[in-house]
Structure formats: C-alpha cells, structure tokens
Amino acid sequence: MARLIRTEKEVEGRYEEVFIVVEEDALEQWPAGPGEVVGRPATRVDGFERASGQAVYTADLRKPGMLHAAVLRSPHPRARATVDLSPALSLPGVHAAVGPGEIEQLSADCNYQGQAIAAVCADTLAQARAAVRAIRCDFEVLEPLLDPDEAVRRGELLGDPRVRERGDYERGLSEADVVVEAEYRTQVVLHNSLETHQAVVEWTREDAVEVHISTQYVWGIRDAVAEGLGLPADNVRVVCRYMGGGFGSKNSPDEYTFIAAELAKRTRRPVKCALTRREENTAAGNRNATIQRLTVGARSDGTLTALGGEFVNAVGWGGWSSGTEGPMQMLYACPNVKTTTHGAKLNLPPMKAFRAPGFVEGTFGLEALLDELAAKLDLDPLELRRRNHTEQTPEGGEYSDKNLLECYRRAEPHWARRHEVRARSTETVKRGVGMASQIWYGGGGPPSYAWVRVGSDGRATVVTAMQDIGTGTRTAMAQIAAEELRVPLEHVTVSLGDTDRGPYATLSAGSSTTPSVGPAVRAAAADARAQIEEIAEQRGLSKDASVAEVVDVLEDAQILGKGARGPNPTGMQVLTFGVQVAEVAVDVETGEVWVERIAAVHDVGRVINPLGASSQIEGGIIQGIGHTLSEERLHDPATGRLLTTTLDAYKLPTIADVPEIVSELLDVPDTHLTNLGSKGLGEPPIIPTAAAIANAIRDATGADVRRLPISREEMLRALREAEARQKEKVGAPAGV
Amino acid sequence: MRIDVNDHAYELRCEVGTTLAEALRDELSLTGTKIACGEGHCGACTVLVDGTPVLSCITLAHAVGDAKVTTVEGLREHPMLRAFVRADALQCGFCTPGQVVSAVALVEATPDPTTEEIRHAMAGNLCRCGAYPKIEEAIRTWRD
C-alpha cells in the first residue's frame, strides 16, 4: 500500500526534509552469502559494447542537421565584459549567436574564470570556434578575491557558518592530559571525467525538447530543464544510456544545456554543446580546497575528551559548503565536539560534488590528527581507534548496522606487516605503514521504481530510468532480477537512462544507486515471479519449473511486474564503514613518495557483484592516490588565472602509479535496510586513502605531512620540521 | 583523399587540417575512437597506423597516406576485447577503446609482456575510473 511519509533525505551528506510516497517493502531479505547470481562475480552486461566502441555516448551522437556550439568564457577571475557579437555572425557556417543576459546562464558580469559570456552555433565545430574567437569582447579587469581566510574575515560566505556542538568542548579540553593542534590543507581537485560535460538538445515540438546529455541524473535534468525553459516536465525527455564518468560533477544541466536549448530554439535544428578538456578543467566543477584547523584532547590512555575544528571550505563563486566536519562529528565516541564550518565565496570556479565531498578532505585532517595524537601518546594507532569506537551514534542514536570493529579485525594482518615493512628501510628510503578509518552515508532511499517484463521466450527486461555512470549498476540490476526471477543472468537485459521509457529512479551519486534502485528491481522481479508461479499452477506445472517452460505458450502476452523502493528504517542512521592500510616508501633526500600497497576492508552490507565491487574499490583508491600525491589545480595567486587546465599540466595517476591493492568486503546484509541489505560503494573507498598514506609517511619518517598533495616540497618541509623537532628534543642531529 | 581503414579503402573529402580522429568519427562514423582531450595527452583516441599506436587527435588525416589504419572497430574479433570484459578492465568505458588498441599493439609486438612492459606501454592511456589493475590483468591473460 502506498503511504505518505515525511522523511529526511540524504544526498552527498546533505539532508533535507521531504514528503514522499513509499510502498511497503514486503519481501524478506535473501539469506546472507552468495545466491545463484547475486553475490557471485559477474562481468559487465554492457562490457563488450563499451570496450568495442559500439556504445553510443553523448559525445558520439550525430543528429541530422545538428549544429555545434562553442562558448566564449571569461579568461579573468573577475571582470566586466563588453561584447559585440556581430563579427561572429558574419562568418561562414554560423547560424546563431547568443549573448550576455539573453539567457540567464550567460553574463557579462564575470566572477570566475570560465564564466560563460556568449555562445555561437555553426555547421562545424571548427566554424563555431572561429566565430567565438571573432566576437569582439573588451574586459574591465577587477581585483579578484582569492584568499579563503580573507573571504571569511570579510564575511564573503556562501550560507551562514555551520556550528555544530555536542557536550562541552572547553571542559573536554580541560580534562585532557594531552592536546594536539594542527592545521591541514587540501587542494582543489578536478573530476576530469574523460567524456566532458555535453548535451545535444532538439526541440521536437514548439513546447517540447529532447535532451541527450552526459549526466548522473536524467530526472534532475528533466526537472531543471523544464523549469528553466518554462515547460511541463513531461515535455522534456532526457536520455543518457552510456556516459563517460561523472564522479559527482554531472548532476545538473549547467550552462551548456541551456546554451544548446536556446540555440536549438533559434535555429530549429538540434544543437550540441560540448566542453573542451580545457573548459572542463576550468568551469565544470571541482573538489574545493579546504583549510582545517583542528584540535584533539585526550587522556593518557587515548580516550578522546574533546575534538574541535575550524573548517574553511574554499567553495568558489558557487556551489555549497560541504560537510568537511562530518568525520570529526561522526567517527568517534568523543563526548565533546565543536566544529565551525565556513564556505568562502571566492572569484574561483564553483565547486561541485566530487566523490564523498567533504569527507575525503575531513577524513584526511581528522585521521592524520589522530595519528599525531597516537605518536604523542606512544599508542598504537589502531588501538587508539578501537578505544574510541562507538556502537551507538555519538548522539546516542542507533545505527542500522555497524561492523567497523570487524573491519579493524580483518585489517590486522595488513597492519601487522608494519614491522617487516619498516625493516626494509634503507639509509635514504624509509618505509612505513599507516591506517585510517572510513565513515560515510550510502544507504540510499526512496523513491525509485522499476518494472520487469517477461516475454514468452522466458527472457526478462528490467525497465528503470536510472543511469550507469560506469559503476556497473546496469549489471547489478540484471543480477538482482535474475536472482529473484530464477533465470540465467544472460536472459536479463536492462533498459535505463531515458525519462520517457521507464519510471523514476534516483540519481547516480552519493553511493545511492544500488541501495535505492536495487530493492525496487527486486520487488518488480518478485511481482513478475509471483505471476509466473500462478500461471505455472494453472498449467499444472511444478513451482520449480523454469520460467521459459511456464511462459512458452504466452505468445505475445507479457508478464509485467512493478516494484518500488521501500522506506529506510525509522530512527536509524544508515552508514558505511571501513578501514584502509597503506604502505609507503619515502626517499628522504628527494622527498619522493611511492605508495607500495594498500589494503582496503569496507562494509557496505550485501555485495551484489564482487567483481564490480573490487573494481570500484580499486578505482576509488587510485583516485585517492592521485588526490594525495599528484593532483592539484593551481591558480596564479596574483591574478587568479588557472594554470592546470590540460591533462599535461594536471597530473592524473597512470597505470605506472598503481600499487598493489588488496580489497575485502565484509558482505554482511544490513538486516534493517530494505529487501536487499545493500549499501553503496561508489564513495567509501576514496575516503580514507589520503590519511592512510599520510600516516604511513609519519610511520616511515616521523614527519607530519599536513598539506595535500604531498608534493616533494611538502614532503621535504615536513622532514625538515621533524628533524628540527628531533634536534630540539635530544639536542643532537636526528637519525633521518 | 584516400584512406585505408580496417581493410577498407575510402574516398573522403576533408579540409586540410582535419585530424585523423575527426575524419574517423565525423566522416566514417567510426565513433569507437574517442576524443577526451583533443591535444594528445590522454590516449583515448589511440588507433593503429601500420600496427603502431598513434594519437589520432593530433595526427593529420592527410598525413596518413597509404598506411593502414586500424581502429577499435577493426579489432572486434581480437581476443583482447574479450580479455578486457572478462577481467572487468573497464568502468565508464570512455577510455577503453583506446586502451584496447594500445594493448593490442603491445601484445602483437610482445605476446607475453612483463608487468614493466605493460606499464610502460600503457602509461599514455589515462583512465579516470582507475581500472588500471584490471587492465594489467587483461593484458596478462589476453590469450586465456
């Protein structure tokens, strides 16, 4: 039965109160452990299409008569532009141009480099680009605000500062035997999805558009485009069957979709607007920089008495101030915690969600701080974490499930390697092992819907308008349907990514797709299965007869099952947990750092596809290594101009940078969570990587690295600081 | 111009300055070859020219001459493709055709590459999803 409830909805760590209609989830969970299909490794159902180049991405779409758009963007972080479009309009192949103020997304008032000012469409991309270059544009260049601390002092903020306190922080500090204070900084990181942001928009009627777009959320695009263009939502069709990476940056339609829509309207032709790589690395979003001024107080046995943090999110001109304080608030049992988080509004490109926004940054600070405390107390870092473990939420509430201690236990063999790893150090290359814990959301939630269609050939199609952004959700949904229907995996196809051809499904973000859509798919398959069993009974066939045998007389008739995602458990926090153990080598003469091995143990409830899950973990860790050691979007501190917009300048990890990665999932269904007991895995693996590496560096060298990326400069600074500290302590040169 | 792609001879009209990637994608609709950076930094556009991997986004179409061009569409029967799927050596898949082409070039020259050889040959093909460990596995096991 449908039921209207008021509930908290969580996306990327942000909560909002919403009314939703939920349908009761009547199915019992499957028993723990592998089933016939679910819980067993499956290769991607769309693997061959993608690998062989047959899959059509938005970038590959060619529509008859399609025009190409190019965008004029501000090269300055702060400027007023004066624009004359006429020279562009007279060039060959040019069909239309749109200037500042003609649509909301184009502005002469430029507050970050990359702000879209005007756009042109032409027969070919080369013509469109030539036309953009021909636009006469003069800039009055203004002084940009670039320093996050200065923005906070001036009150240039996005939203009010967020103050969260429990217990009595000051008293907690006074009760501490040891207090450690440290400032951590994290850099701007770029998503660099290999398919850049892009859309093809076509007006199919006066009042209807079709949008093909590389997106993580076809329904979000539908609603935003409908609102932006003043159309009924059902007159906007959004399609995305394959997309080349998003990592959080592709949840909204952005300027390029509206530019394409406007130019398509004016020319009555389909228009594609695709960002170049350099535009992508300027104006398509980023993980914002943070400054974290952290304090921890503890008793000599390691019991935390106080945690405090002043966090500055250097948000840029737009976006939101993410939950960088989240790990400090949520990970440990500490009774007295006070955090203040500022979102600094700067003349830099807007941030967007990037794989566990806030928690990647905040975990680096918190977990490095904890190891600095462990060093001071001469405590084993893993033991310190165990002593501050909490079985209830720090506010005294309930978790739906928490197996962090079991993750720690399974990490022990990896942790125990540290003696042997350290022993392999040489005079100039020091080795060490570090660990860090992981906490994040990932429970998903309603609404999401699915249909399952079974034909007389016994084959099934799952229809749900979700996306597979590369995480393998298409395969996971096929596995869930196959398991419930009791048909081979090869007999299930999944139709997704089209708002006109399937019911609503949630966005592919916040580690929410599998836990949100998976239960709906299972419910739909169960509905179909029940009908198949009724037919079997009427045909006098055994209940165990194969689906193909039962339905083979149906000819054109089809079995249609439908399912909805049920509610989350009331009054419980649904979270994911884990731990990673990193082994590093540090050349103390050059400051070079190599990650040699990372072991990851995470708990995300039931695992649908162990093969795809291991790929998710590896991918998260590799992005985490890039974030920790090599990636940084740099800007000139004087002018604010961006310096790293190419893939030559911006250092992504390559295959040669990959260490040995060992991954393990607990694979225990969360018995309180839906008919599956599964949580999401997209984000958890990237969260503890930076801190584990930083802590391994401390183990190897005694140096406290506090700034990402850990460049050679930062490594050598930390080594010199450690050496000076050592000298002070013993009054003699250090051994490093 | 004339161009030999996947053992077919084509007559094309391309402006001077057209890149090989544009000619393949826009003129021949061979969209398996992806353009992810357009300036030779990422490897997504890798194709074979007389068996040698080249970056088609910074190769001029007219410069190919009589050489034989092989794109991912010409490798559909190659065991490397199955090896990539089997090893789960892809996630979003956008870099994958380029990875497959580079991997084929490697094993055609060195059928049993060492880890070092794999890492050296594949370091120019970026994968933002981080499928690297399984790309390595696919190449190690391509003949299985």
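Visitor: What order do the strands take in the open sheet of five strands in chain A?
Guide: The order is E9-E17-E16-E15-E10, with mixed pairing. This is a predicted model: local features need pLDDT of at least 70, side-chain atom pairs count only at pLDDT 80 or more, and totals for chains, interfaces and linings use all residues. Residues are numbered from 1 along each chain as its sequence is written, while chains are lettered from A and ligands numbered from 1 in the order in which they are written. Strands (E, at least two residues) and helices (H or I, at least four) are DSSP runs, numbered from the N terminus. Two strands pair if DSSP finds at least two bridges between them.

Visitor: Which strands stand at the edges?
Guide: Strand E9 (162-166) and strand E10 (178-186) of chain A. Each has a single partner strand, so one side of each is left without a neighbour in the sheet.

Visitor: How many bridges join E16 to E17 of chain A?
Guide: Eight, and the two strands run parallel. A:Gly316 stands opposite A:Lys345 in E17(A).

Visitor: New topic. What should helix H18 of chain A span?
Guide: Its 13 residues (689-701) should span 18 Å at 1.5 Å a residue, and the end C-alpha atoms are 18 Å apart, which agrees. The expected span is 1.5 Å times one less than the number of residues.

Visitor: Is H18(A) mostly covered or uncovered?
Guide: Mostly covered, with 13 of its 13 residues buried. Buried means 20 or more other C-beta atoms within 10 Å of a residue's own; exposed means 12 or fewer, partly exposed in between, with C-beta atoms placed from the backbone. Just after H18(A), A:Gly702 takes a positive phi of about 80°.

Visitor: Now the contact between the chains. How many residues does it take from each?
Guide: It takes 40 residues from chain B and 42 residues from chain A. Two residues are in contact if their C-beta atoms, placed from the backbone, lie within 7 Å.

Visitor: Which helix of chain B gives the most to its side?
Guide: H5(B), with five residues.

Visitor: And how many helices and strands does chain B have?
Guide: Five helices and five strands. From the N terminus on, they run β-β-α-β-β-β-α-α-α-α.

Visitor: What is the radius of gyration of chain B?
Guide: It is 15 Å, close to the 15 Å that the globule rule gives for 144 residues, so chain B is as compact as a globular protein of that length. The radius is taken over C-alpha atoms; the rule is 2.2 Å times the number of residues to the power 0.38.
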